[in-house]
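Subject: Structure handover

Hi,

Here is the structure for your files. My notes follow below it.

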Amino acid sequence: MLILHCPYCGVDADETDLHAGGQAHLKREGPGSSDEAFEDYLFMRENPKGVHFERWRHVYGCGKWFHAARCTSTLEVFGTYPAQTLEPPQDIKDKISGTRPGWSWGIFK
Ligand SMILES: [Zn+2]
């Protein structure tokens, strides 16, 4: 079972207390963007086997959204952090690099 630490209320919640919100760190496209960029924003998502950054909501707890860095194949959780964070914290990226040298995900390394 997937267990994630809510960075707001401090609870280690199992997946039945959470709601998945898809890929984290999406770059939002506005009215001035190209059709291709807007289409990518609306429909294209990464689905890696390995390190992934996801949005989760502590729906049966505090109700707040947060981000989680985890491995989709082993369910190893590298850390969670507030959804307002624009990129993964350095300590989480260092933890990922420690177990998976040379990893990258989108613009993050
Ligand atoms: Zn919470």
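From the N terminus on, the elements run β-β-β-α-β-β-β-α. That makes 2 helices and 6 strands in the chain. Both kinds are DSSP runs, numbered from the N terminus: helices are H or I with at least four residues, strands are E with at least two.

This is a predicted model: local features need pLDDT of at least 70, side-chain atom pairs count only at pLDDT 80 or more, and totals for chains, interfaces and linings use all residues. Residues are numbered from 1 along each chain as its sequence is written.

Overall dimensions first. The radius of gyration is 15 Å, close to the 13 Å from the globule rule for 109 residues, so the chain is as compact as a globular protein of that length. The radius is taken over C-alpha atoms, and the rule is 2.2 Å times the number of residues to the power 0.38. Along the principal axes, the C-alpha atoms fill a box of roughly 40 × 35 × 20 Å. Of the 109 residues, 17% count as buried. Buried means 20 or more other C-beta atoms within 10 Å of the residue's own; exposed means 12 or fewer; partly exposed lies in between; C-beta atoms are placed from the backbone.

Two strands pair if DSSP finds at least two bridges between them.

Strand 4 (residues 51–57) and strand 5 (residues 65–71) run antiparallel and are joined by 7 bridges. Arg55 has His67 as its bridge partner in strand 5, and His52 has Arg70. His67 also stands opposite Tyr81 in strand 6. Strand 5 and strand 6 pair in the antiparallel sense over 5 bridges. Their hairpin has 5 residues between the strands, and Leu75 there takes a positive phi near 65°.

Strand 5 is mostly covered, with 5 of its 7 residues buried.

Next, the core. The largest nonpolar core has 14 residues, of which Leu4, Trp56, Ala68, Ala69 and Ile96 touch the most other members. Strand 4, strand 5 and helix 2 each supply at least two residues of this core. Such a core is a set of buried Ala, Val, Leu, Ile, Met, Phe, Trp, Tyr and Cys residues joined through C-beta atoms within 7 Å.

Beyond its neighbours within four places in sequence, Trp56 is in contact with Leu4, Leu18, His19, Ala20, Gly21, Phe66 and Ala68. Contact means backbone-placed C-beta atoms within 7 Å. Among contacts between residues at least 6 apart in sequence, 47% join residues at least 24 apart.

Is Glu29 buried or partly exposed? Glu29 is partly exposed, because 16 other C-beta atoms lie within 10 Å. Leaving aside neighbours within four places in sequence, Glu29 is in contact with Ala37, Phe38 and Tyr41. The C-alpha atoms of Glu29 and Leu42 are separated by 8.8 Å, at 13 residues apart along the chain.

Best regards

Methods:
Contact = placed C-beta atoms within 7 Å.
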